[in-house]
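Here is a short tour of the model, written for someone who likes to know the cut-offs behind each term.

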Amino acid sequence: MALRVVKRRNPPAWSAAAILVCALVLSLGVSLALLAAIGKSPVHGLVALWNGSFGSLWAIEDALIKAAPIFLCSLGLAVAFRMQVWNIGAEGQFALGAMGATWAALTFPHAPSWVLLPLMLVYAGLLGAAWGAIPGLLKVKLKANEIITTLMLNYVAIFLLEYMVYGPWKDPASFGFPVTPEFTPSAVIPLLGVGRLHGGVLLCVFAGVLLWAFLRYTRLGYELKACGEGAKVAAYARMPYNRLVLFVLTASGAFAGVAGFVEVSASTGRLMTSIMAGYGYTAIIVAWIARLRPVPIALASFLLAALRVGVENIQLDMEVPAAFGDIMEGLILLTILSGQFFEQYKLVRKGAKNAPAPSASQETAP
Amino acid sequence: MNFDMVIALLAASVQMGTPILYATLGEILTEKSGVLNLGVEGVMAVSALGAFVVAQATGQPWLGVLAGGACGVFMALLHAVACVVLLGNQVVSGLAVTILGLGLSSFMGQPFIGLSAPGFTPFAFPLLSDIPLVGDVFFRGDALVYLSYLLPFALWFFLQRTRLGLEIRAVGEEPEAALAAGLSAERLRMIATLAGGFLIGMGGAYLSLAYTHLWTNGLSGGRGWIAVALVIFAFWNPQRAIIGAYLFGGVMAFQLRLQATGSHISSSLLLMLPYLLTIVVLAASAARGRGDEAPAGLGVNTAPEE
């Protein structure tokens with residue numbers, strides 16, 4: 001059966017949802033087949049994944065807590081991606097934020113929490129922003145490709161974090177474990193009084209609204225959107241492209257830095273290497289599948305956080321390597337990306353009656 | 001540090017640089033057709049495992065290399081389907097391939113951790129190894145090292161002197177004009193991406209069959225990303241890739257030796273070196289370049305063919 005590609009005039013409204021569902025089903029199918037390939041029961045895997053993700057209130061709370069740092073990183077990335085600035089460095093900016101918060105917490109352990117928590121937030125935001133500004137400056141001044149510089153800085157940041165917890169910040173009472181001393185209670189983000197949810201979740205809501213208002217109501221926000229087409233269009237519209245590049249990389253670094261603050265303060269209460277769980281990479285996937293819009297980013301953060309919680313359950317229950325989660329995340333991103341083709345184009349059988357004439361369908365891609 | 005240690009360090013630079021060289025050449029071939037494959041890191045990881053598993057099962061290192069190449073082709077195919085056929089964003093697709101590839105290699109590789117496989121061992125190349133200095137540095141390696149000496153020139157010849165190479169470059173430089181001239185962008189980009197994937201896969205195979213003969217997680221260790229950066233450093237020129245690959249091989253070898261001698265510098269700080277150097281090298285070559293060395297159509301998708 002010969003098929004050919006025809007451009008759709010109007011993508012149907014339900015297409016985004018259909019693509020999402022197909023991509024999730026396909027990714028899940030392939031992942032479960034891989035489970036079968038290593039001799040584990042896929043049915044058992046599916047049940048463990050579902051129960052782990054959505055089977056209990058505990059699991060849903062866990063997913064909400066894990067969604068917070070992913071959401072914050074992803075919000076910042078979405079701003080950069082809108083401008084086609086590829087910040088792959090949320091992971092490193094997150095690490096710097098965590099170190100900034102730890103620095104404040106260890107320096108002023110006896111400050112009251114209404115002083116210390118904002119201070120940790122500022123330290124985290126500033127260090128994250130600085131880590132984002134480095135590739136920004138390199139791109140603006142020297143035209144260095146930001147994909148590679150942000151990625152390399154992830155490795156550097158993780159080694160720096162390792163250095164700190166093995167060296168200067170190591171807890172003398174930790175019996176050799178690479179962790180900092182536990183934070184004083186005033187350095188821990190308080191609980192909200194709803195289950196195990198903490199103030200970091202509230203911070204996410206605040207950050208989301210702030211960003212939305214910024215993009216909607218400020219001149220800078222408008223310029224960012226307009227520069228989505230790249231440097232040439234920006235130059236044509238006389239927009240300060242370089243300044244905007246520097247701004248989005250710094251701002252997305254600050255968001256990821258704040259995510260690092262939330263993680264060390266609310267989730268672990270001390271700095272340790274295990275906080276580097278790949279949230280910064282998951283955030284890239286989240287930003288992309290949410291098509292860079294704030295509300296879908298919140299939903300997608302929750303979905304991928306729930307997936308992580310579910311995968312942890314499979315790991316414990318069936319002794320499956322943690323990499324199972326990475327496989328699922330990679331597949332989801334790849335299938336959604338591929339699926340978006342079918343929003344723009346459809347396949348018709350050659351010689352089909354209802355197909356438009358070939359000449360009518362020849363359009364060039366943008 | 002005495003003279004023998006310098007020679008040993010240089011020889012180690014060549015060995016550590018070889019997998020990076022294979023991957024860089026594969027990425028140059030891919031990018032020449034206008035396809036940016038950021039999945040190199042994931043492709044190498046999967047190939048390293050594929051090569052290891054086959055060599056271990058058959059006892060034949062060369063079959064392992066073929067399997068590594070085949071795994072590279074498979075992973076590159078995922079990327080090509082997503083962005084050459086289905087016109088997805090090349091940056092995002094490459095990242096997805098990296099995430100998937102790293103996940104796949106540690107997931108499927110779990111049962112092999114700590115096992116060893118027959119691989120490649122160094123041998124003195126007849127005659128050439130007797131050349132003073134040069135022989136010691138370049139001709140006491142393994143078969144894959146020797147093979148890698150020919151590749152940059154073969155790739156240069158292919159791209160510059162063959163019809164197919166010309167067509168691939170045409171599609172990479174000016175996709176629209178190439179289409180108008182009757183070339184199939186889809187076909188040419190597919191060929192370049194898959195062949196590039198094979199070379200990247202050989203780099204992965206080198207890691208598990210020559211660099212170590214053991215399987216451990218995280219063998220790729222950022223080398224794929226370094227290769228992506230080296231393509232820019234090399235200004236898409238296969239011969240220049242040699243310099244870049246050995247430079248990085250040198251830094252990695254130096255850092256390992258420093259760690260082994262028990263220096264006072266923290267190992268975490270030493271481990272940063274190659275990644276910091278990548279940033280420096282990238283920034284320096286971006287600043288030095290004219291800015292037009294990249295294929296003009298790199299990252300730009302072409303419309304589907306009817």
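S41(A) counts as partly exposed, with 13 C-beta neighbours inside 10 Å. On this scale a residue is buried if 20 or more other C-beta atoms lie within 10 Å of its own, exposed if 12 or fewer, and partly exposed in between, with C-beta atoms placed from the backbone. S41(A) sits in the loop that joins α1 (15–37) to α2 (42–54) of chain A. Between S41(A) and L151(A) there are 110 residues in sequence and 36 Å in space, C-alpha to C-alpha.

A word on conventions: this is a predicted model, in which local features need pLDDT of at least 70 and side-chain atom pairs count only at pLDDT 80 or more, while totals for chains, interfaces and linings use all residues. Residues are numbered from 1 along each chain as its sequence is written, and chains are lettered from A and ligands numbered from 1 in the order in which they are written.

## Chain A as a whole

Chain A has 15 helices and 2 strands; helices (H or I, at least four residues) and strands (E, at least two) are DSSP runs, numbered from the N terminus. Its radius of gyration is 23 Å, close to the 21 Å that the globule rule gives for 366 residues, so chain A is as compact as a globular protein of that length. The radius is taken over C-alpha atoms, and the rule is 2.2 Å times the number of residues to the power 0.38.

The C-alpha trace of chain A spans about 80 × 60 × 35 Å along its principal axes, and 49% of the 366 residues count as buried. Among contacts in chain A with a separation of 6 or more, 78% are between residues 24 or more positions apart; two residues are in contact if their C-beta atoms, placed from the backbone, lie within 7 Å.

## The nonpolar core and a helix residue

Which residues have the most contacts inside the largest nonpolar core? They are L72(A), C73(A), M120(A) and V248(A), in a core of 222 residues. Such a core is a set of buried Ala, Val, Leu, Ile, Met, Phe, Trp, Tyr and Cys residues joined through C-beta atoms within 7 Å. Helix α10 (residues 241–268) of chain A gives the largest share of this core, 16 residues. Setting aside neighbours within four places in sequence, L72(A) is in contact with residues including C204(A), A207(A), F255(A) and V262(A).

F214(A) belongs to helix α7 (residues 199–217) of chain A. F214(A) is partly exposed, with 14 other C-beta atoms within 10 Å. F214(A) and L337(A) are separated by 123 residues in sequence and by 28 Å in space, C-alpha to C-alpha.

Chain B comes to 12 helices and 0 strands. Its radius of gyration is 19 Å, close to the 19 Å that the globule rule gives for 306 residues, so chain B is as compact as a globular protein of that length. The C-alpha trace of chain B spans about 60 × 45 × 40 Å along its principal axes. Of the 306 residues in chain B, 56% count as buried.

Helix α3 (residues 61–85) of chain B has 25 residues and reaches 34 Å from its first C-alpha to its last, close to the 36 Å expected at 1.5 Å a residue; the expected span is 1.5 Å times one less than the number of residues. A kink of about 30° in α3(B) is centred on H79(B), where the bend is the angle between axes fitted to the seven residues ending there and the seven starting there.

## Positive phi values

Most residues other than glycine have a negative phi. Just after α3(B), L87(B) takes a positive phi of about 60°. E319(A), which is not a glycine, has a positive phi of about 55°; E319(A) lies in the loop between α12 (294–318) and α13 of chain A and counts as exposed, with 9 C-beta neighbours inside 10 Å.

Is W236(B) buried or exposed? W236(B) is buried, with 21 other C-beta atoms within 10 Å. Its phi is positive, near 60°, and its place is in the loop between α10 (223–233) and α11 (238–260) of chain B.

## Where the chains meet

In the model, 47 residues of chain A are in contact with 46 residues of chain B. On the side of chain A that touches chain B, the elements that each supply at least two residues include β1 (3–7), α5 (113–142) and α6 (146–166). By class, that side has 32 nonpolar, 9 polar and 6 charged residues. Here Ala, Val, Leu, Ile, Met, Phe, Trp, Tyr, Cys and Pro count as nonpolar, Asp, Glu, Lys and Arg as charged, and the others, Gly among them, as polar.
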